[in-house]
Amino acid sequence: MTATAALHLYRIAQEAVTNAAKHSQATTVTLQADVTPERLCLRVRDNGVGIPEYPNTGAGMGLRNMRTRATTLEAVLEIKRLSQGGTEIICTVPLDTSVHA
């Protein structure tokens, strides 16, 4: 993984934590990274109120930025409202491609 790719992943994590702190009323935010030879999977989970089921499409520049960064990395970005409350953001980056600019 290049330094630029690592920076994109860091910024995705930073935005997810910032959103949890600003909007979720969470008392706990956890970050987890799992790495295999094929992929890196970053998870950011909070125990807050959860992202709205139908977010306002006019807002959310941070979410758009996360999606753009994930696309640059050829990653899959999932943003889930958890049934028990809270939000989970999962970014899965393939490590076997050379695109990670």
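## Loop residues with positive phi

In this predicted model, Glu-74 is partly exposed, with a relative accessible area of 39%. That value lies between the limits of 20% for buried and 50% for exposed residues. Glu-74 is found in the loop that joins helix 2 (61-72) to strand 3 (76-81). Although Glu-74 is not a glycine, its phi is positive, at about 55°.

A second residue of this kind is Gln-25, a non-glycine residue whose phi is positive and near 60°. Gln-25 sits in the loop between helix 1 (3-23) and strand 1 (29-35). With a relative accessible area of 68%, Gln-25 is exposed, because the exposed class begins over 50%.

## Packing of helix 1 and helix 2

Two packed helices are described by the distance between their axes and by the angle between those axes. Here the axes of helix 1 and helix 2 come within 9 Å and cross at roughly 155°. Angles over 145 degrees count as roughly antiparallel, and helix 1 and helix 2 are therefore roughly antiparallel to each other. The crossing in which helix 1 passes helix 2 is left-handed.

On the side of helix 1, the contact is made by His-8, Arg-11, Ile-12, Glu-15, Ala-16 and Asn-19. Helix 2 contributes Gly-62, Leu-63, Met-66, Arg-69, Ala-70 and Thr-72 to the contact. Sorted by class, the contact of helix 1 with helix 2 comprises five nonpolar, four polar and three charged residues.

## Gly-62 in the helix contact

Gly-62 belongs to helix 2 and is one of the residues through which helix 2 touches helix 1. The relative accessible area of Gly-62 is 14%, so this residue is buried, the cut-off for that class being under 20%. Gly-62 and Gln-14 are separated by 48 residues in sequence, and their C-alpha atoms are 10.0 Å apart in space.

Strand 3 pairs with strand 4 (residues 87-94) in the antiparallel sense, over six bridges.

The hairpin of strand 3 and strand 4 has five residues between the strands. Within this hairpin, Gly-85 takes a positive phi near 105°.

Methods: Residues numbered from 1 in each chain as written. Predicted model: local features only at pLDDT ≥ 70, side-chain atom pairs only at ≥ 80, totals over all residues. Heavy atoms only, no water. Helix = DSSP H or I, 4+ residues; strand = E, 2+ residues; numbered from the N terminus. Buried < 20%, exposed > 50% of the residue type's maximum accessible area, 1.4 Å probe, protein only. Pairing = 2+ DSSP bridges. Axes fitted to C-alpha atoms, helices over the stretch in contact; angles between N-to-C directions. Parallel < 35°, antiparallel > 145°, perpendicular 65-115°, else oblique. Left-handed = near helix turned anticlockwise from the far one by under 90°. Contact = heavy atoms within 4.5 Å. Nonpolar A, V, L, I, M, F, W, Y, C, P; charged D, E, K, R; others polar.
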